[in-house]
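Dear colleague,

Please find below the structure that I am handing over to you. My notes on what was found in it follow directly after.

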Amino acid sequence: MPSPMRAAITGSGVFTPSQVITNDELVVAFNAYSDRQNALHADAIAAGTRTPLPQSSAEFIKSASGIEQRYVLDKAGVLDPDRMYPKLAERDDDTPSQMAEMAIAACTEALAQAGLQPGQIDAVICAASNHERAYPAIAIEIQQLLGTGGFAFDMNVACSSATFGIQAAADMIRSGSIRSALVVNPEICSAHLEWRDRDCHFIFGDVATATLIERSEDATGPYFEIKSTRCATDFSNNIRNNNGFLRRSRPDGVADRRDMQFMQNGRKVFKEVLPMVADHIASHMSDNGVEASDLKRIWLHQANKSMNDFIGRKVLGRTPEPGEQPNILQDYANTSSAGSIIAFSKYSNDLKDGDTGLICSFGAGYSVGSVIVEKHG
Ligand code: CO8
């Protein structure tokens, strides 16, 4: 029997770091690093026992990905050719963690949009690609800092964390166990990206997003009713990060190893994830009686412009009109789970009562999650 309770997104928020790295700046830093490494290993390169590091190019980055810049928490550390990763001050145990701090900013915006006080929230789900510590959960810290009630927990489904989190929150609301939840996605991608690898150094940026989910009947302003959610996974090693708590126990301990950062086989991801996502969306829509002509907006995961162009054409059966499938990756790059929610948060207010839209994220796992929403008010 369908649940009498319906869930809705009543607010959303985005925290954007203040520091920006353009493609040109990134390429200057990478090429300086590459030159230094090649000078350092000139003998081995001359002897043919080492391959010289290649140069990166801003033109390649823009044309292969659509990315023009990214926001980061620490620009100086990333652009220092002797360092090539962010320098984030260590915080003592009584100071809010970096992820919690970003999360609070995004949640505060979502709460204000929904017209709710933190005490009216029953659950916090911190859904992100990585968590800066194992425990206590970042979500519980956010719960304490905001002053929300009920319970909180962390979850990680990489780029699909936000949509999987929305499904979890919507299911709890539909079952009656909670009335409201904040699903928050603080993504510090700059700290697990390998900035010294030309093939991926341009891909990610930092951001935090939040969605506030409530019972539809509790909404006091315009809202997006969650008509249906669908999540799917299919194991793949093509996007992987081997860092974790077993690191110290391995023979080479905490050595600086390539697989301790984000790794991917981008071409394979492109080829395998696209059909998975296109089929997933098509079956989710058809099982819910949603035709392509019903969709007023698609908010897709923001990894690659050509990927999104392809999915948009597949879903709509034609090239999307400007604005039908908004991209934000030119400004933010890939922000993992937050990408589709940035697009939703920035490009949804203009939808009219009764309009249907679809949020879809996809990535490591592989994982794909979609949320069909209908605007009210
Ligand atoms: N500058 C100049 N040339 C370059 C560069 C560069 N920076 N990089 C590569 N090239 C060269 C290559 O060497 C290659 O040269 P050649 O043809 O001579 O061999 C040529 O350019 C083409 O390279 P690729 O085949 O690699 O280029 P693609 O056209 O495939 O584009 C992309 C690369 C943009 C990475 C593309 O493959 C892509 O976007 N793939 C999909 C990626 C994707 O969606 N990934 C999802 C990952 S996100 C996720 O799930 C979250 C994980 C957790 C978050 C982690 C946070 C850090």
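I begin with the ligand: one of its nitrogen atoms lies 3.2 Å from a polar backbone atom of S57. A polar contact here is a pair of N or O atoms within 3.5 Å; within protein, one must be able to donate a hydrogen and the other to accept it, and residues adjacent in sequence count only if both atoms are side-chain atoms.

Please note that this is a predicted model, in which local features need pLDDT of at least 70, side-chain atom pairs count only at pLDDT 80 or more, and totals for chains, interfaces and linings use all residues. Residues are numbered from 1 along each chain as its sequence is written, and side-chain values use heavy atoms, with hydrogens and water left out.

An N or O atom in the side chain of S56 is 2.9 Å from a ligand nitrogen atom, and an N or O atom in the side chain of N304 is 2.8 Å from a ligand oxygen atom. The ligand exposes 1200 Å² when taken alone, and the protein buries 77% of that (Shrake-Rupley method with a 1.4 Å probe; for residues, only the protein chains shown count as cover).

Around the ligand there are 28 residues, of which C159, R198, R267, N304 and A364 are the closest; a residue counts as near if one of its heavy atoms lies within 4 Å. This shell divides into 14 nonpolar, 11 polar and three charged residues. Ala, Val, Leu, Ile, Met, Phe, Trp, Tyr, Cys and Pro count as nonpolar, Asp, Glu, Lys and Arg as charged, and the others, Gly among them, as polar. The largest share of the shell, four residues, comes from α8.

In the protein there are 11 helices and 13 strands, which are DSSP runs numbered from the N terminus (helices: H or I, at least four residues; strands: E, at least two).

Most residues other than glycine have a negative phi, and most peptide bonds are trans. The peptide bond from Y135 to P136, however, is cis, with omega near -5°; P136 lies in the loop between β4 (123-127) and α6 (138-146). G365 and Y366 are also joined by a cis peptide bond, with omega about -5°, and Y366 is in the loop between β12 (356-363) and β13 (367-376). Finally, M84 is not a glycine, yet has a positive phi of about 70°.

With kind regards
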